[in-house]
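Here is a short report on two elements of one model. Please view the sequence and the structure first.

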Amino acid sequence: MKHKIILQAGREKALRRKHPWIFSRAIKKVEGQPQAGDDIAIYSAGGEWLATAAYSPASQIRARVWTFSPEQKIDQSFFEQRIHTALSMRKQLALPSDSYRLIAGENDGLPGLTIDNYAGTLVAQFLSAGVERYQKEIVAALQVVFPTAKIYERSDVDVRKKEGLKPRQGWLTEAGDSQIWITENKQQILVDIEHGHKTGFYLDQRENRLIAAEYCRDKTVLNCFSYTGTFGLHALQAGCQKLINLDVSQRALDTAAHIYQHNKIAAERYQNLNADVFKQLRAYREQGVQFDTIILDPPKFAENKNQLNKACRGYKDINMLALQILKPGGTLLTFSCSGLMESALFQKIVADAALDANVIAQIITPLSQAKDHPVLLSYPEGFYLKGLVVHKY
Ligand code: SAH
């Protein structure tokens, strides 16, 4: 290979454990003149070949491993193989949905690539220099595996800046419909792949929505950070008495209303409230309004380590407020999708929130991300979504 990275002495340990990232500080020397996204061979300080990676000069993660096999070439057929492997795993899962995460980046051996399949339309995010460089081959590989699929790109995200890439969005094949009805747990849900968050929808909560529904029959339910109301839809179908969705995105709430109408839910059974959760929970506390079941599924509060302390305070605050306005005997389903927040820390925050709320509570079930969001064992960063079902005394 033309380009080489030679690691500092002793800095090959993570690679030997098959972790896919090479940080700039681990590098002694770069040989050749690699451009962003080029293949680059990684060598130990002692001259041993370790991996083939994608070079990313703008990022602190200076290279991301494609393969630990010396004979493997990075070309269209490499991508076809990885996509096939990812797809056959998803097929084994017998998901109660026509939609699933097909590629979960590093966890599926394709660092920086996210692909969701929404009822046959693929929505892709190219988030690293390597997948950017090979976009043509990746799209061609997808078309081999899914010959009739339309493919839409949603690379309009800030993390691309860290890789020196500009945001981009649009069809990669001939245009299809950007408003897609999917089926999840027998519910019809509208996904707006053009304007929705991320790729359009949060597939990672599929299994947790079914679990949440178990605590909703005949209950008053508050669904905080509702987005397009999918937890709420499950609550309604499970026979909740009253549902309130809270979100600051009017567009998301309008989509929720559209989805509920489509699912023939009577309008008096729910309320979609455009409000800040931090403020609204305080308002309910002041007014003495209480709920049987509360769902807290906030956005990522911590994007990096510097934000972790502030994020912890945010999580503690909403959990404390939710526990205060939960009726005795009620259930809180609380989540964190910040990868930097480890399960043990999250549990401690919820415990501290209960102390501050002067509430005694028990964990009934720990929760995590849906099965089509696997975690590569050598890449624990792949585990990001954690939750707790909490019962209040
Ligand atoms: N629970 C949703 C996904 C939530 S994503 C689902 O199952 O699909 C996080 C949501 O929180 C986004 O819709 C965003 O608009 C909303 N949000 C972010 N900050 C908020 C705040 N302070 N108050 C209310 N909603 C907020």
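The text below covers a strand with its partners, then a helix.

This is a predicted model: local features need pLDDT of at least 70, side-chain atom pairs count only at pLDDT 80 or more, and totals for chains, interfaces and linings use all residues. Residues are numbered from 1 along each chain as its sequence is written, and side-chain values use heavy atoms, with hydrogens and water left out.

**Strand β9**

Helices (H or I, at least four residues) and strands (E, at least two) are DSSP runs, numbered from the N terminus. In β9, 6 of its 6 residues are buried (under 20% relative accessible area, 1.4 Å probe, protein chains only). In a regular strand the side chains alternate between the two faces of the sheet. Both faces of β9 are covered. Thr 121, Val 123 and Gln 125 are buried on one side; Leu 122, Ala 124 and Phe 126 are buried on the other.

Strands pair if DSSP finds at least two bridges between them.

| Partner of β9 | Sense | Bridges | Example |
|---|---|---|---|
| β10 (residues 150–155) | parallel | 4 bridges | Thr 121 with Lys 150 |

The β8 and β9 hairpin has 2 residues between the strands. Ala 119 takes a positive phi near 50 degrees there.

**Helix α8**

Helix α8 spans residues 250–262. Its buried residues are Ala 252, Leu 253, Thr 255, Ala 256, Ile 259 and Tyr 260. Just after α8, Lys 264 has a positive phi of about 60 degrees.

Terms used. Buried means under 20% relative accessible area, exposed over 50%, partly exposed in between (1.4 Å probe, protein chains only). The expected span of a helix is 1.5 Å times one less than its number of residues.
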